[in-house]
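Try each task before you read its solution.

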Amino acid sequence: MRTWIFQANPDYFDIDAYLDAGFPRIAWTVNQCKDDIKPGDRVYLWRAAGSGKSKSGIIAVATV
């Protein structure tokens, strides 16, 4: 099992609203290491600070 960090920049994507919507699954576009990410891997969702409007940090944990 590997661990990954998926980052969301609130200037481009409202990760808080997305998570609050309560979808049973999260869809995420991945460019780097896409062939290495496997089912069962742990993912931390990281909110970037963006233009300084949001606090940055881990906001959720998920499993691929």
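**Exercise 1.** In which strand is the place of Thr3?

Solution. A word on the model comes first. This is a predicted model, in which local features need pLDDT of at least 70 and side-chain atom pairs count only at pLDDT 80 or more, while totals for chains, interfaces and linings use all residues. Residues are numbered from 1 along each chain as its sequence is written, and side-chain values use heavy atoms, with hydrogens and water left out.

Step 1: Thr3 sits in strand β1; strands (E, at least two residues) and helices (H or I, at least four) are DSSP runs, numbered from the N terminus.
Step 2: With a relative accessible area of 47%, Thr3 is partly exposed, since that class lies between buried (under 20%) and exposed (over 50%), using a 1.4 Å probe and protein chains only.
Step 3: Beyond its neighbours within four places in sequence, Thr3 touches Arg42 and Tyr44, where contact means heavy atoms within 4.5 Å.
Step 4: A C-alpha separation of 8.8 Å is found between Thr3 and Ile37, 34 residues apart along the chain.

**Exercise 2.** Describe the overall layout of the protein chain.

Solution. Step 1: The protein chain has 1 helix and 3 strands, and their order along the sequence is β-α-β-β.
Step 1: The C-alpha trace spans about 35 × 25 × 15 Å along its principal axes.
Step 2: Of the 64 residues, 20% are buried.
Step 3: Take the contacts between residues at least 6 apart in sequence: 54% of them join residues at least 24 apart.

**Exercise 3.** Which residues make up the largest nonpolar core?

Solution. Step 1: Recall that a nonpolar core is a set of buried Ala, Val, Leu, Ile, Met, Phe, Trp, Tyr and Cys residues joined through side-chain atoms within 4.5 Å.
Step 1: The largest one has 6 residues in all: Trp4, Phe6, Ile37, Val43, Leu45 and Ala60. β1 and β2 each supply at least two residues of this core.
Step 2: Leaving aside neighbours within four places in sequence, Ala60 is in contact with Leu19, Val43, Tyr44 and Leu45.

**Exercise 4.** How many aromatic pairs are there, and how is the pair of Phe6 and Trp28 arranged?

Solution. Step 1: Rings of Phe, Tyr and Trp (its six-membered ring) pair if their centres lie within 6.5 Å; planes under 30 degrees apart count as stacked, over 60 as edge-to-face and the rest as tilted.
Step 1: This rule gives 4 aromatic pairs. Phe6 and Trp28 form a stacked pair, 5.9 Å centre to centre with 25° between the planes.
Step 2: This pair links distant parts of the chain, 22 residues apart: Phe6 is in strand β1 (residues 3–8), and Trp28 is in the loop between α1 and β2.
Step 3: Phe6 counts as buried at 12% relative accessibility, whereas Trp28 counts as partly exposed at 25%.
Step 4: One aromatic cluster is formed by Phe6, Phe13, Tyr18, Phe23 and Trp28.

**Exercise 5.** Where is Cys33 found, and what is its phi?

Solution. Step 1: Cys33 lies in the loop between α1 (15–20) and β2 (42–47).
Step 1: Most residues other than glycine have a negative phi.
Step 2: Cys33 is not a glycine, yet has a positive phi of about 60°.
Step 3: Cys33 is partly exposed, its relative accessible area being 38%.
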